[in-house]
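Here is a short briefing on a protein structure. Look at the sequence and the model first, then read the points below.

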Amino acid sequence: MLNIAIRAARRAGNVIAKNYERRDDIQTSKKGINDYVTSVDKAAEAEIIEIIQKSYPDHTIISEERGALEGKDSDIQWVIDPLDGTTNFVKGLPHFSVSIAIRVKNRTEVGVVYDPIRNELFTAVRGEGAKLNEVRLRVDSQNELNGAILATGFPFKQPNLMPTQFAIMNNLIDEAADFRRTGSAALDLCYVASGRVDGYFEMGLKPWDCAAGDLIVREAGGLVCDFNAGHGYLRSGNIVAAPARILKEMLNKIQPCLTEQIK
């Protein structure tokens with residue numbers, strides 16, 4: 001299944017890269033508050049679905065744009081985001097990705113995240129480690145929050161969460177050196193796995209934003225949890241990822257800021 005996921009991600013990435021050079025032709029529509037979809041999202045998604053269904057017609061596909069395409073085998077789910085970072089794409093900021101996760105009986109077994117601009121392919125198979133273009137990944141050796149570079153994303157689809165976002169950042173910056181906010185949750189997780197950032201947190205995500213990156217971090221030796229140190233992040237959309245010692249320190253800074261709604 002990994003090879004099919006890679007093929008699908010690269011095919012979708014080719015669609016995205018070609019259209020990136022001629023964005024004036026792209027049709028964009030609004031799905032919700034600060035939430036957009038383009039004709040390229042849909043075209044990339046169609047490529048992914050076609051490849052999956054040719055090889056595995058009975059599998060279920062859960063996609064950002066089409067929702068759930070129920071197959072005869074509901075135990076195997078492909079969770080896909082054809083263009084994670086749509087706003088960056090529309091604005092011409094070259095930072096976005098294709099994300100594909102394969103979940104078997106509610107456990108992620110394969111994760112693929114592809115950055116078509118940099119031609120960087122992040123992959124992981126449960127129990128077999130994580131790779132970037134066939135080079136083995138390990139999380140950074142940084143073992144304390146002091147001096148760490150942290151990635152985050154703003155809950156722009158839920159503006160009511162912004163005060164909590166800023167409160168968390170205010171607490172973390174007591175020790176962390178700086179923040180990065182790049183606009184693709186899937187790549188943020190991969191950057192934790194590859195040591196480009198030391199930790200990551202975000203609120204309000206959907207499963208297709210983080211299911212693949214989650215496995216890539218864990219197979220690179222990092223930890224992933226929700227704000228209560230549990231495993232409910234695919235459900236709640238609130239996620240923290242980092243090496244073990246940094247994650248513990250991040251949670252100590254995050255938890256005092258949480259409202260009852262978020263808890």
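**Cores and sheet**

The largest nonpolar core has 34 residues, and V113, F122, L137, Y200, I216 and I239 have the most contacts inside it. This is a predicted model: local features need pLDDT of at least 70, side-chain atom pairs count only at pLDDT 80 or more, and totals for chains, interfaces and linings use all residues. Residues are numbered from 1 along each chain as its sequence is written, and side-chain values use heavy atoms, with hydrogens and water left out.

**Nonpolar cores**

- A nonpolar core is a set of buried (under 20% relative accessible area, 1.4 Å probe, protein chains only) Ala, Val, Leu, Ile, Met, Phe, Trp, Tyr and Cys residues joined through side-chain atoms within 4.5 Å.
- The most comes from α5, with eight residues.
- L137 touches F122, A130, K131, L132, A193, S194, I216 and A220, leaving aside residues up to four places away in sequence; contact means heavy atoms within 4.5 Å.
- A second, separate core has 31 residues, including Y20, I61, I80 and I102.

**The sheet**

- Helices (H or I, at least four residues) and strands (E, at least two) are DSSP runs, numbered from the N terminus.
- Eight strands form an open sheet with mixed pairing, in the order β4-β3-β5-β6-β7-β8-β9-β10.
- Two strands pair if DSSP finds at least two bridges between them.
- β4 (67-69) and β10 (135-136) are at the edges; each has a single partner strand, so one side of each lacks a neighbour in the sheet.
- β9 and β10 pair in the antiparallel sense over two bridges.
- The bridge partner of K131 in β10 is R136.

How values were computed
Buried < 20%, exposed > 50% of the residue type's maximum accessible area, 1.4 Å probe, protein only.
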